[in-house]
Amino acid sequence: MIHFPLRRSGFLRLGAGSALGTLIPFKTPAQTSSRMTTRPIPATGEALPVIGCGSWIGFDHAPDSGEFQRLPGVLDALFVAGGSVVDSSPMYGRAEENIGRLLAAAKRPGRAFLATKVWTHGRAAGIAQMEQSFTRLATDRIDLMQVHNLVDWRTHLATLRGWKEQKRVRYVGITHYAASAHAEVEAVLRAEKLDFVQINYSYDDRAAAQRLLPLAAERGVAVIVNMPFGGGGLLRRLRDQPLPGWAAEIGCTSWAQLLLKFVLSHPAVTCTIPGTSRAEHMADNAAAGAGPFPDAAFWRQHSLPL
Ligand SMILES: NC(=O)c1ccc[n+]([C@@H]2O[C@H](COP(=O)([O-])OP(=O)(O)OC[C@H]3O[C@@H](n4cnc5c(N)ncnc54)[C@H](OP(=O)(O)O)[C@@H]3O)[C@@H](O)[C@H]2O)c1
């Protein structure tokens, strides 16, 4: 039987043919109109805020650059809105090191839920890379360590099981970003006991909804959605068009919020991590983390011009 990390009653319900004016005002205990909604991590029940921050490209800047100067504001905007998840990888150049530096200077460093990855072959190289991530992130505890793009996943999951027992990492997961790899992601999800899976899912890239998202729910695995804007392409296609009138009915004031609401409308999704290097974009994105979240019927009746 499939069980969902968020109670199904946590979604805005619309009957077929419902008029927008009949949307049911709606709150879960974990949801308020202004603070970010949280969803439970199935493995522990720990509450995770639904919007995080990705760091690919956006956090890979030299510390003396103008771009770097923008980054403290990004994390602050995330934390002020009630968010906590910051996702990185040794693949992202200077991002891990910058996150470590920024958190050391941040006003609310304790809020961060640190997720990073291992992206190399071999046990010794994996251990060395993960040790380097602790140093770069300037922490002795990483909340979530993920095997990036399934690279040598058997080797790294074996190491990480031991590290989890030693409480060096709190959760273990795998990631990928392409539908072509979903069959392999599915096989690992079935074979291994994982806490998290991070995958691609967006308004125009729904392959994960066919098998992976229901399977994650069935297996009690938290889902982090990467590339909710298709790497930014969806926003570029939408930005010159007017927002539909119904956006306001679900509390959205931007295309970014509509795209994030769509992702979060799937009951198996625990969190999404839009990448940004701009505080105003982080604040915009975080606003999508307050309810309500429409159900699938709503999205069948209301489409985006993509
Ligand atoms: N295999 C993997 O493990 C994997 C693969 C891909 C991604 N990821 C993770 O997932 C994260 C998200 O994916 P992504 O960064 O590739 O793509 P994305 O989140 O779909 O899109 C990021 C792009 O959207 C722009 N953006 C963000 N918020 C915006 C807003 N409110 N208004 C206008 N533009 C906005 C960003 O530009 P600005 O900087 O100007 O805001 C950036 O160009 C990554 O950063 C990474 O942490 C993991």
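**Ligand site and beyond**

Trainee: How many residues surround the ligand, and which are the closest?
Mentor: 30 residues surround the ligand, and the closest are D87, N149, F229, T276 and H281. A residue counts as near with a heavy atom within 4 Å of the molecule.

Trainee: What should I know about the model itself?
Mentor: This is a predicted model: local features need pLDDT of at least 70, side-chain atom pairs count only at pLDDT 80 or more, and totals for chains, interfaces and linings use all residues. Residues are numbered from 1 along each chain as its sequence is written, and side-chain values use heavy atoms, with hydrogens and water left out.

Trainee: Back to the shell. How does it divide into nonpolar, polar and charged?
Mentor: Ten nonpolar, 16 polar and four charged. Gly counts as polar here.

Trainee: Which helix gives the most to it?
Mentor: Helix α9, residues 279–287, with three residues. Helices are DSSP runs of H or I, at least four residues; strands are runs of E, at least two.

Trainee: What lies by the oxygen atoms of the ligand?
Mentor: A polar side-chain atom of H148 is 3.4 Å from a ligand oxygen. A polar backbone atom of P228 is also 3.4 Å from a ligand oxygen. For G232, a backbone N or O atom lies 3.3 Å from one. The protein covers 86% of the 900 Å² of accessible area that the ligand has on its own, by Shrake-Rupley with a 1.4 Å probe.

Trainee: New topic. How many salt bridges are there in the whole structure?
Mentor: The search finds 14. The cut-off is a Lys or Arg side-chain nitrogen within 4 Å of an Asp or Glu carboxyl oxygen. One of them joins R170 and E46, at 2.4 Å, N to O. That pair links distant parts of the chain, 124 residues apart: R170 is in strand β7 (169–175), E46 in the loop between β1 and β2.

Trainee: Where is the cis peptide bond?
Mentor: Between G291 and P292, with omega about 5°. P292 sits in the loop between α9 and α10.

Trainee: And what is phi of L150?
Mentor: Near 65°, a positive value in a residue other than glycine. L150 is in the loop between β6 and α4.

How values were computed
Polar contact = N/O pair within 3.5 Å; in protein donor to acceptor, adjacent residues only side chain to side chain.
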